[in-house]
Amino acid sequence: MSRLKSAIWVAAYLRRCQTEGVFGAVRRRGAEEAGAIFVKLALLDGNAILYAPAPQSAYDDSRPTDRVFAPSPQQAVEERKIEERLQKEISFDPDLWIVEIEDKAGRHFLDLAKN
């Protein structure tokens with residue numbers, strides 16, 4: 001089995017956010033087929049959390065095609081720090097996607113890697 005194309009996954013993810021009343025938008029469109037996806041969760045208080053693709057070691061062997069994320073860093077930080085990190089990621093991988101959602105309660109609807 002293969003993984004969903006990034007463009008399809010992002011569209012479905014944004015639809016999920018919308019149905020839950022959470023605003024979301026694509027900030028940077030990456031490679032349609034397999035671009036890495038980063039999700040920035042803005043908490044609307046000047047802080048944010050970045051969810052990055054989890055390392056391969058975090059994937060469940062029974063579901064290797066699912067997209068799994070990990071918060072990076074583990075707690076909310078100033079949005080400026082998240083933006084600096086995203087610029088570094090873009091310089092490393094220009095095909096990545098950036099999706100931004102906004103929710104004061106911190107809801108993100110992502111599958112997270114198990115620690």
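Predicted model: local features only at pLDDT ≥ 70, side-chain atom pairs only at ≥ 80, totals over all residues.
Let me start with the rings. Two rings are taken as a pair here if their centres lie within 6.5 Å, and by this rule the count comes to two aromatic pairs. One of them is formed by Trp9 and Tyr13, which are stacked, with 5.1 Å from centre to centre and 10 degrees between the planes. As a general point, an α-helix has 3.6 residues a turn, so residues three or four places apart point the same way.

Because Trp9 lies in helix α1 and Phe69 lies in strand β4, residues 69-71, the pair ties together parts that are 60 residues apart in sequence. Phe69 is buried, as Trp9 is, and the ring pairs link Trp9, Tyr13 and Phe69 into a cluster.

Now let us look at helix α1 as a whole. With 14 residues at 1.5 Å a residue, α1 should span 20 Å, and this agrees with its end C-alpha atoms, which are 20 Å apart. Which residues of α1 are buried? They are Ser6, Ala7, Trp9, Val10, Tyr13, Leu14 and Cys17. Seen down the axis of α1, these buried residues fall within an arc of 160 degrees, so they line one face of the helix. The face turned away from that buried side carries Arg15, Gln18 and Thr19, which are exposed. Among the elements that cover the buried residues of α1 are β1, β2, β4 and β6. After the helix comes Gly21, whose phi is positive, near 80 degrees.

Let me turn to the strands, taking β3, residues 47-53, as our reference. Five of the seven residues of β3 are buried, so to speak mostly covered. Strand β2, residues 37-42, runs antiparallel to β3 and is joined to it by four bridges, with Val39 standing opposite Tyr51. These two strands form a hairpin with four residues between them, and Leu44 in the turn has a positive phi of about 65 degrees. β3 also pairs with β4 in the antiparallel sense, through three bridges, and here Pro53 has as its bridge partner Phe69, in β4. With strand β5, residues 77-78, β3 forms two antiparallel bridges, and Ala48 stands opposite Val77.

In soluble globular proteins, nonpolar side chains tend to be buried together. In this model the largest nonpolar core has 18 residues, and those with the most contacts inside it are Tyr13, Ile37, Val39, Val99 and Ile101. At least two residues of this core come from each of α1, β2, β3 and β6, and α1 gives the most, with six. If we follow Ile37, we find that the residues it touches include Trp9, Val10, Tyr51, Phe69 and Val99. There is also a second, separate core of 10 residues, which includes Phe38, Ala48, Leu50 and Ala52.

Notes:
Residues numbered from 1 in each chain as written. Heavy atoms only, no water. Phe/Tyr/Trp six-rings, centres within 6.5 Å; stacked < 30°, edge-to-face > 60°. Buried < 20%, exposed > 50% of the residue type's maximum accessible area, 1.4 Å probe, protein only. Pairing = 2+ DSSP bridges. Expected span 1.5 Å × (residues − 1). Arc of directions from axis to C-beta. Contact = heavy atoms within 4.5 Å. Core = buried A, V, L, I, M, F, W, Y, C linked by side-chain atoms within 4.5 Å.
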